Amino acid sequence: MSISYENSAAFRGYMPMGVENTEGKIDGREQIEYAAEYTDLREERNEKEQFYHRLRSTNPWPDDIQPSLRPVIMDYVTSVLNVADQLRESMCTALDVDAKDIADHFGQCSGSDPSFWSMKLVSYPPVASYTSSGHDGPQQGVGAHTDSNFMTLIFQDSCSSGLQVQNVQGGWIDVPPTTPDILVCNIGELAEIFTSGYFLATPHRVYSSNTRIRTSLPIFYNPRIDTVMDPINTDDLPWTRGEQKQWRRKNNKLMGSVGENSFKSLARSHSEVFKKHHGDLRILDDGSIIKQS
């Protein structure tokens, strides 16, 4: 398949059922994954180039069979990124931080140095379509995790639920189906780092229905790929955050580097593509990426 993600060192393209995992357990979904397109790809590999620059790429669009997909998706991404910009500014206001202080970390939708956004067009088929008829109950659409980016905005279908988030008591609650004018917002790991833990990354998961297809379009909002998010000084904040229970993935190092934290997530979730295209790299137990010795 010309748009298969197996051909992409940047983990972009179509992914069939059974190729993505969360903590080693297969996720029950198929999807197409796209990300910010770069006019300066920096594809040459050398000791001076950061390994995460391999994520700078273009998208495998199916223009020959679906020419309308690219413009529709890019218009949608541009609109959602504008919403995310406003939410980021509101987050700064809540923390008494000048929004202009981090505005330069974020770029345009595409170009030589855009914001490193990514998105998925996801379908969770009904469990009954890929398991034995004797199976009872939901299966993992995607396992519990926190997103490695700054903020995620999700457009989900209005007919089928399955998304769950963890509340401050440590329990999992259902996110009901939403109407087309609503986006679900999850906080990412980079926002947790930036806010010194005042805004915590949202643990979430998806359980697939036995009988219904679930579709969703998450957009993962990020600063530029070379950005390092430093924690703010919390000494003079006008309010304090009490102790909260929160699910944490074991051995998950939170890295302020946008490129490193993004590569961590992709390498873990797509181990076969990582092995195929990045044999000179090794992923450590905590998600850190190092050169093979």
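User: Which element supplies the largest share of the lining of the largest cavity?

Analyst: That element is α4, with six residues of the lining. The model is a predicted one. Besides α4, the elements that each supply at least two lining residues are β2, β4, β5 (118-124), β6 (139-145), β7 (151-156), β11 (204-208) and β12 (214-221).

User: What makes this space a cavity, and how many cavities of 30 Å³ or more are there?

Analyst: A cavity is a set of grid points where a 1.4 Å probe fits but cannot get out.

User: How is the lining of the largest cavity divided by class?

Analyst: It has 15 nonpolar, 16 polar and 13 charged residues. Gly is counted as polar in this scheme.

User: Why is α4 called largely enclosed?

Analyst: Buried means under 20% relative accessible area. Ten of the twelve residues of α4 are buried, so the helix is largely enclosed by the rest of the structure. Those residues are Val258, Gly259, Asn261, Ser262, Phe263, Lys264, Leu266, Ala267, Arg268 and Ser269. They pack against β2 (21-22), β4 (30-35), α3 (189-194), α5 (271-277), β13 (281-283) and β14 (289-291).

User: How do the spans of α4 and α1 stand against the expected values?

Analyst: The expected span is 1.5 Å times one less than the number of residues. For α4, residues 258-269, the span from first C-alpha to last is 17 Å, close to the expected 16 Å. For α1, with 26 residues, the span is 37 Å, close to the expected 38 Å.

User: What makes the largest pocket a pocket and not a cavity, and what lines it?

Analyst: A pocket is an open set of points, with protein on both sides within 12 Å along at least five of seven lines, whereas from a cavity the probe cannot get out. The largest pocket has a volume of about 210 Å³. It is lined by 14 residues, of which Asn21, Ala267, Arg268, Ser271 and Ile283 are closest to its centre. α4, α5 and β13 each supply at least two lining residues, and α5 gives the most, three. By class, the lining has five nonpolar, five polar and four charged residues.

User: What makes a set of residues a nonpolar core, and which members of the largest one touch the most others?

Analyst: The members are buried residues of the listed nonpolar types, joined through side-chain atoms within 4.5 Å. The largest core has 52 residues, and Val77, Trp117, Phe150, Phe194 and Phe263 touch the most other members. Nine of the residues come from α1 (69-94), the largest share. A second, separate core has nine residues, among them Val142, Ile154, Leu163 and Val165.

User: Which residues does Phe150 touch, leaving out those up to four places away in sequence?

Analyst: Contact requires heavy atoms within 4.5 Å. Phe150 touches Arg88, Met91, Phe106, Ile187, Gly188, Leu190, Ala191, Phe194, Tyr221, Asn222, Pro223 and Met229. Of these, Arg88 and Met91 are among the buried residues of α1.

User: Why is Leu237 called buried?

Analyst: Its relative accessible area is 14%, and the cut-off for buried is under 20%. Leu237 therefore counts as buried. It lies in the loop between β12 and α4. Apart from neighbours within four places in sequence, Leu237 is in contact with Leu95 and Tyr198.

User: Why do Glu23 and Ser196 count as partly exposed?

Analyst: Partly exposed covers the range between the buried limit of 20% and the exposed limit of 50%. Glu23 is at 44% relative accessibility, so it counts as partly exposed. Ser196, at 32%, therefore falls in that class too.

Key:
Residues are numbered from 1 along each chain as its sequence is written. This is a predicted model: local features need pLDDT of at least 70, side-chain atom pairs count only at pLDDT 80 or more; totals for chains, interfaces and linings use all residues. Side-chain values use heavy atoms; hydrogens and water are left out. Helices (H or I, at least four residues) and strands (E, at least two) are DSSP runs, numbered from the N terminus. Buried means under 20% relative accessible area, exposed over 50%, partly exposed in between (1.4 Å probe, protein chains only). On a 1 Å grid over the protein atoms alone, a cavity is a set of points where a 1.4 Å probe fits but cannot get out, and a pocket is an open set with protein on both sides within 12 Å along at least five of seven lines; lining residues have an atom within 4 Å of a point. Grid points are joined across faces, edges and corners, and a volume is the space filled by probe spheres set on the points.
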